[in-house]
Amino acid sequence: MTSDRARPWLLSAPALVLFLVMLVTPLVMTAMLSFNSFDFYGGIQPTFGLHNYADVLSDSYFYEIFLRTFLIALATTVICAVIGTPQAYFLLRMHPFWRSVMILVVLGPLLISVVVRTLGWAILLGNNGVINEALRALHLIDQPVKMMYTSGGIVIALAHVMAPFMILAVWAALQRQDPATEKAAESLGAKPAMVFRRIVLPQAMPGILSGSLIVFSLSASAFATPAILGGRRVKVVSTTVYDEFLNTLNWPLGAAIAMILLISVLTIMLAWNRLVEKRFAGVFE
């Protein structure tokens, strides 16, 4: 008979095998590839060295790309947190029927391909797009406002794509909140703004933390939105990896860039997680 100690491992074995095959194995292969070398005439050479990492870390061009990528991801995360936290709070206080309707509204964009949503933003943000045409019709501008092929346009579209993840994460955290704490603060004369800042916001921090980790990691590694809205002018890490793999065919260098992105994102996420948990230690206990 199977022992009680081994039963959980056996039950989780299918998921673990799928995890190993679909995630760990490609990552290991990519890491191994990053140590190889590339020759334009001979292709990938089965050597072992850190020259690809040295090329990336010693070139200011790549520093600029990584900085732009992380700034876009950070701006997207901040916007999603500012929009998503109050929306999750309102969602919690709605009547159950309207809450169900609003949850469908929040989840609706996730049912549409990110490429389709990004193309929709391209129509809105173009020089002859809906927004510029509306501003012209209102006589607010004479020349179109440049929003396509800019970091700002990418941030706007990414915030729309990532907002549901933040809203759902904060909403799940607020469901564990004790409503009596708000009533107690109101009975002591606290205004709604202070109640939200001193009572609701700290209790929402676990959701804000998990939502920000999801949004930041997905934004830093996003490809479709920066590729469509940024084009060739706004290079981010994901589009740079794509170019190295499919344009220059320098797979080892592309793999090295991808691994540096992975390590950088994990480092930032772990540091942010530790900082927030330390700052709001009482909430996470």
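Trainee: What volume does the largest cavity have?

Mentor: Good place to start! Keep in mind that this is a predicted model. Its largest cavity has a volume of about 50 Å³. The count comes to one cavity of 30 Å³ or more.

Trainee: Which residues line the largest cavity?

Mentor: The lining is made by Thr69, Ile72, Ser219, Ala220, Ala222, Pro226, Val236, Val237 and Ser238. Helix H3 (60-93), helix H9 (192-220) and helix H11 (237-246) are the elements that give two or more residues to this lining. Sorted by class, the lining holds six nonpolar residues, three polar ones and no charged ones.

Trainee: Let's turn to aromatic rings. How is a pair of aromatic rings described?

Mentor: By two values: the distance of the centres and the angle of the planes. In this structure there are nine aromatic pairs. Take Phe35 and Phe48, whose rings are 4.8 Å apart centre to centre with 25° between the planes, a stacked pair. Phe35 sits in the loop between helix H1 (7-33) and strand S1 (37-39), while Phe48 sits in the loop between strand S2 (43-45) and helix H2 (51-57), so the pair ties together parts that are 13 residues apart in sequence.

Trainee: Now the nonpolar core. Which residues touch the most other members of the largest one?

Mentor: That core has 38 residues, and Cys80, Val170, Leu174 and Leu229 touch the most other members. The elements giving two or more residues to this core are H3, helix H4 (96-107), helix H5 (114-125), helix H7 (151-174) and H9. H7 provides the largest share, 13 residues. Apart from this core lies another, of 19 residues, among them Phe66, Val241, Leu253 and Ile260.

Trainee: What is Leu229 in contact with?

Mentor: Leave aside neighbours within four places in sequence, and the contacts of Leu229 are Thr118, Trp121, Ala122, Met148, Tyr149, Thr150, Gly153, Ile154 and Ala157.

Definitions and conventions. Residues are numbered from 1 along each chain as its sequence is written. This is a predicted model: local features need pLDDT of at least 70, side-chain atom pairs count only at pLDDT 80 or more; totals for chains, interfaces and linings use all residues. Side-chain values use heavy atoms; hydrogens and water are left out. Rings of Phe, Tyr and Trp (its six-membered ring) pair if their centres lie within 6.5 Å; planes under 30 degrees apart count as stacked, over 60 as edge-to-face and the rest as tilted. Helices (H or I, at least four residues) and strands (E, at least two) are DSSP runs, numbered from the N terminus. On a 1 Å grid over the protein atoms alone, a cavity is a set of points where a 1.4 Å probe fits but cannot get out, and a pocket is an open set with protein on both sides within 12 Å along at least five of seven lines; lining residues have an atom within 4 Å of a point. Grid points are joined across faces, edges and corners, and a volume is the space filled by probe spheres set on the points. Ala, Val, Leu, Ile, Met, Phe, Trp, Tyr, Cys and Pro count as nonpolar, Asp, Glu, Lys and Arg as charged, and the others, Gly among them, as polar. A nonpolar core is a set of buried Ala, Val, Leu, Ile, Met, Phe, Trp, Tyr and Cys residues joined through side-chain atoms within 4.5 Å. Buried means under 20% relative accessible area, exposed over 50%, partly exposed in between (1.4 Å probe, protein chains only). Contact means heavy atoms within 4.5 Å.
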